[in-house]
Amino acid sequence: MSKTIKVTVSDENYDDLVRRAGANSLQDYIRSVLFPGQITITPLDAVQRALQKYQKGKLFSVPEIYGEDWNLPNGMAGQFGRKFFNLVTEEYQTKIRFTGNYNSKKHAVYEIL
C-alpha cells in the first residue's frame, strides 16, 4: 500500500526542485533523492532503457523494459503508462511510437523506430 505525504515549500525551493528534477516529475526526483539505490522507475528512465535495450523494429511494453523489477501497483502503473505515452509522443516521437495495439495483459505496445 502507498501513502501520500504533503509538504509545503517556498517558491524559491519549489523552483529549485523543478530545476533539479529536469525531465522527471518532482515526485520521482524526490523519491530518487530520499531512497538512493532503489530502482527508480520514471518515464524518462523507461525511454532511455528502451532505446538501449531494443533494436529498430522491436515491439515492447513498458513492463517488459524492467522485467522482474517492474513492481508498480495497478493505479500507479496506469499513471506511469500515461506519463510514458506523453513523453514518447511529445519528445521521442522520432525514436519510439505507440503502435495503437495492446498485448494480452492490456499493456500498450510500442515500437522502436
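Predicted model: local features only at pLDDT ≥ 70, side-chain atom pairs only at ≥ 80, totals over all residues.
Residues are counted from 1 along each chain as its sequence is written, and side-chain values rest on heavy atoms, with hydrogens and water left out. Local features need pLDDT of at least 70 and side-chain atom pairs count only at pLDDT 80 or more, while totals for chains, interfaces and linings use all residues.

**Strands**

Helices (H or I, at least four residues) and strands (E, at least two) are DSSP runs, numbered from the N terminus. Strands pair if DSSP finds at least two bridges between them. S3 takes part in both pairings below.

| Strand pair | Bridges | Direction |
|---|---|---|
| S1 (residues 59–60) and S3 | two | antiparallel |
| S2 and S3 | four | antiparallel |

Across the second pairing, Tyr102 stands opposite Ala108 in S3. The hairpin of S2 and S3 has five residues between the strands, and there Lys106 takes a positive phi near 65°.

How many of the five residues of S3 are buried? Five of the five are, where buried means under 20% relative accessible area, exposed over 50% and partly exposed in between (1.4 Å probe, protein chains only). Ala108, Tyr110 and Ile112 point one way from S3, and Val109 and Glu111 point the other way.

**Core**

A nonpolar core is a set of buried Ala, Val, Leu, Ile, Met, Phe, Trp, Tyr and Cys residues joined through side-chain atoms within 4.5 Å. In the largest one, with 22 residues, Phe60, Trp70, Phe80, Phe84 and Ile96 touch the most other members. Helix H3 (43–53), helix H4 (62–66), helix H5 (74–91) and strand S3 (108–112) each supply at least two residues of this core, and H5 gives the most, with five.

Leaving aside residues up to four places away in sequence, Phe60 touches residues including Ala50, Tyr54, Phe84 and Ile96. Its contacts (heavy atoms within 4.5 Å) also take in Ala108, Val109, Tyr110, Glu111 and Ile112.

**Second largest pocket**

On a 1 Å grid over the protein atoms alone, a pocket is an open set of points where a 1.4 Å probe fits, with protein on both sides within 12 Å along at least five of seven lines; lining residues have an atom within 4 Å of a point. The second largest pocket has 15 lining residues, and Ala77, Gly81, Lys106, His107 and Ala108 lie nearest its centre. H5 provides the largest share of the lining, five residues. By class, the lining has 10 nonpolar, four polar and one charged residues.

Technical notes. Nonpolar A, V, L, I, M, F, W, Y, C, P; charged D, E, K, R; others polar.
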